[in-house]
Amino acid sequence: MFQEVHQRVIKAKDMKLEEFKTKFIKLKEEGYILSKRSGPTGIGYTLESSLGILENNNAKPDIEGAELKAHRTKEKSLITLFTFNNKVWEMPPLEAIKKYGSLDTNGRKGLYYTMSLKPNSTGLFLEVTKAAISVRHISGEIVASWSLQNLADRFIQKIPSLIFVSAHTEERAGKEYFHFYRAQLMKGTSSELLENQFKEENILVDLRLHDKGTSARNHGTGFRIYEHKMPELFKSIEDIV
C-alpha cells in the first residue's frame with residue numbers, strides 16, 4: 001500500500017493542498033516508518049520523499065504558497081526564521097565590534113552573540129518595547145534597533161503560510177523512526193505576536209559580524225526561534241489532518 005501511495009514523484013509547488021491531505025492521511029496510518037536519511041535533516045527528507053515530493057533546497061513556498069516543515073515533537077532546538085540588517089545600526093558596526101566585541105579562536109574580534117533579555121558578558125542585551133526591539137549596552141548605548149512591524153513584514157515575506165507537520169520519534173537498533181501524526185496550516189502574524197515571543201525569549205537574535213580591517217564583515221543578523229514554539233508566531237492555526 002505504501003508504494004502505491006507514493007509512486008508519483010513531483011515538485012512540492014505542483015502539489016495541491018487536497019492531494020497533500022490525502023497522502024498525509026495514508027502516511028499517518030502507516031505508523032512509524034524508518035528515517036530515509038540519518039541526522040537532523042532526516043525528518044524533512046523522510047516526510048517529503050514519503051509524500052512523493054522532490055527535495056526542495058530553495059526558500060520558495062512549497063504547497064499552494066505554504067512552506068512545508070516537519071519537526072520532532074520533543075525537539076527544542078533553534079531554527080533561523082530570517083536575517084535582517086537593513087538600516088538597523090544605530091552606531092557604525094565596526095565601532096560596535098571594537099567597543100563590545102570579543103576574540104574568536106582565530107584571534108579575530110567580532111560580535112558573535114546570541115542576544116536575549118539578560119545582559120551577556122560584555123553587557124549587551126535585548127530590549128523589547130511595543131514598537132521595536134534593540135540591542136543595547138547596560139550603559140544605555142543603543143547598538144542596533146528593529147521596528148517590530150518591519151520584522152512582521154519580513155516574516156510574512158519569508159513565510160506567508162506554513163504547513164507544520166509533527167512527528168513522534170523512536171529509536172530502534174540505532175535507527176530513527178518517525179510517526180507523522182499531525183499537520184497544521186498556519187497563516188499570518190503581527191507585531192504584537194512577535195513582541196510577546198521576544199518577551200518570552202522564544203525568539204533570540206544572533207549577531208554575526210567581525211572586524212575586517214577597515215570595515216565590518218556582516219554575515220547577517222539572524223532571528224531564531226525554538227522549533228516547538230513556531231505555532232506561537234501565527235494568527236491562525238488550523239488542524240488539516
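**View 1. K23 sits in helix α2, residues 17–30.** Helices here are DSSP runs of H or I with at least four residues, strands are E runs of at least two, and both are numbered from the N terminus. K23 counts as buried because its relative accessibility is 8% (buried is under 20% relative accessible area, exposed over 50%, partly exposed in between, with a 1.4 Å probe and protein chains only). G110 is 87 residues from K23 along the chain, and their C-alpha atoms lie 48 Å apart. This is a predicted model, so to speak: local features need pLDDT of at least 70, side-chain atom pairs count only at pLDDT 80 or more, and totals for chains, interfaces and linings use all residues. Residues are numbered from 1 along each chain as its sequence is written, and side-chain values use heavy atoms, leaving out hydrogens and water.

**View 2. An open antiparallel sheet runs in the order β6-β7-β8.** Strands pair if DSSP finds at least two bridges between them. The edges belong to β6 (124–128) and β8 (142–147); each has a single partner strand, so one side of each lacks a neighbour in the sheet. Between β6 and β7 (residues 132–137) there are five bridges, and V128 has I133 as its bridge partner in β7.

**View 3. F198 belongs to the largest nonpolar core, a set of 40 residues.** Such a core joins buried Ala, Val, Leu, Ile, Met, Phe, Trp, Tyr and Cys residues through side-chain atoms within 4.5 Å. I133, W146, L151 and M230 join F198 as the residues with the most contacts inside this core. A second, separate core has 23 residues, including I33, L51, F178 and F180.
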